[in-house]
Amino acid sequence: MPDISQRIDCVTDECAAIIETIKRQQSEEAAYASTLPAEAYNSEAFFDYEMEKVFRADWLFVGHVSQIPQEGDYFTLNIVKEPLVVIRHQQQVRVMSSVCLHRWVPVVTGEGNAKALVCPFHNWTYDTGGQLIGTPYMNQAAEFDRHSCSLPQIRSEIVHGMIFITFSDSVESIADRLRPLNALLDKYQVADLHTAYTLDYDCPFNWKMAVETFMECYHHSAVHRTTLEDSFPGRLSYIGEDGPGWTLCHQPLRKNGAISEVLTPGLIPLSGFSEQDMRQIDLMLIYPTCLIGLNPDRLSISTLLPEDRHTTRWHRLVLVSKASAAQPDFAATAAEMKNGSLGIIDEDLGINAAQKIGSRSRMARPGRLGHLETTVWHLANYLRRRL
Ligand code: FES
Ligand SMILES: [Fe+2]
């Protein structure tokens, strides 16, 4: 696969001015931090630049191995305009472009199980490893050798069961970068979890607004005042360790709160957690867009798929222990969990849509950040390093 990560240099005057502002205004200390310039959420040229320098150059989370346990199981997603298929082939996870080698229709969409991938346009057929094995009525095409044709393979790594991909040949291993997180990811047994359900929805705003809002709890007392704030007051949250590849925010249960406020009815908590551990939820961002909510009985892992500067697809997996998934009424538990999450998601979607409107104003200047939003500054610093 050719390295296409640096193919386009899309710096325009507008984009160069935004980069210059970001580099100049970012403070060295959290106490002096401000937001990125509002233009960084609204400029088309800057969005294109981010797609090259961040999304085509770094690692992106796409899913968990438990989504495709059997030979031929697959799911698909579009990421920086690249239709991809993630499929189990000869017991290994493979990630490939799904763009047909004939006239470019994605050969597979959605999710399921396949013995072969058959393009819906003219029935060109690929095996589950991407090799072209069938090309009807192509026998008069001179010097066409289907045996030498296969779908482009995308570089991938599996870290604690999480599947990451990159379009870059040169970026360092993500497993190396995340090594300091091994103890935490082991504690949550991430590699052994079961996918309870997935949830996709569209966000009508820039991807960075979604990341920032997920990673700070400062907004609980306003946006989630009737939902999350009682049990998880934003003022108690605190920023954890961060590294070049991630940042963490800790969200303790209110003082004297009951553990039942953390747990989901019907789920069996993960083993090995102390009473103190059970009283906290952790939020993790693996840059740029892998958002993880770590609870003692479930994890949510999301990836954000930007479509344009103001449109982002949110793809969320919710994972539980195998013991939880084996319970007889688990389907009902999963359905309730899914329903129960929608209200809080709506609250976040509403506030970010409002933020998008304000960010387009010519009056929108960088705003100061408080100590409960240090993760917002961390994301800005990550961007500053990559631009
Ligand atoms: S585009 Fe796929 S077979 Fe023609
Ligand atoms: Fe929120």
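What percentage of the 387 residues of the protein count as buried? In this predicted model, 40% of them do.

Figure 1. The C-alpha atoms fill a box of roughly 75 × 60 × 35 Å, taken along the principal axes. A compact globule of 387 residues would have a radius of gyration near 21 Å, and the 22 Å of the protein agrees with this. Among contacts with a separation of 6 or more, 64% are between residues 24 or more positions apart.

**Figure 2. Strand β13 (residues 246–252) and the strands that pair with it, β12 and β14.** Because five of its seven residues are buried, β13 is largely enclosed by the rest of the structure. Strand β12 (residues 238–243) runs antiparallel to β13, and four bridges join the two. In this pair, Ile 239 has Cys 249 of β13 as its bridge partner. Two residues lie between β12 and β13, and the two strands form a hairpin. Strand β14 (residues 280–286) also pairs with β13 in the antiparallel sense, over seven bridges. Here the bridge partner of His 250 is Asp 282, a residue of β14.

**Figure 3. Helix α8, residues 330–359.** The helix has 30 residues, and the distance from its first C-alpha to its last is 43 Å. At 1.5 Å a residue, 44 Å would be expected, so the span is close to that value. At Leu 342, α8 bends by about 30°.

**Figure 4. Buried residues of α8 and what covers them.** Ala 334, Met 337, Glu 347, Asn 352 and Ser 359 are buried in this helix. Their cover includes two strands, β11 (194–203) and β17 (311–320). The helices α5 (207–215) and α6 (220–223) are also among the elements that cover the buried residues of α8.

**Figure 5. Val 86 in strand β3, residues 82–89.** Is Val 86 buried or exposed? Val 86 has 24 C-beta neighbours inside 10 Å and therefore counts as buried, the cut-off being 20 or more. Leaving aside neighbours within four places in sequence, Val 86 is in contact with Val 62, Gly 63, Ile 68, Tyr 74, Phe 75, Val 93, Val 95 and Ile 163. Leu 267 is 181 residues from Val 86 along the chain, and the C-alpha atoms of the two are separated by 28 Å.

Note on methods
Residues are numbered from 1 along each chain as its sequence is written. Chains are lettered from A and ligands numbered from 1 in the order in which they are written. This is a predicted model: local features need pLDDT of at least 70, side-chain atom pairs count only at pLDDT 80 or more; totals for chains, interfaces and linings use all residues. The radius of gyration is taken over C-alpha atoms; the globule rule is 2.2 Å times the number of residues to the power 0.38. A residue is buried if 20 or more other C-beta atoms lie within 10 Å of its own, exposed if 12 or fewer, and partly exposed in between; C-beta atoms are placed from the backbone. Two residues are in contact if their C-beta atoms, placed from the backbone, lie within 7 Å. Two strands pair if DSSP finds at least two bridges between them. The bend at a residue is the angle between axes fitted to the seven residues ending there and the seven starting there.
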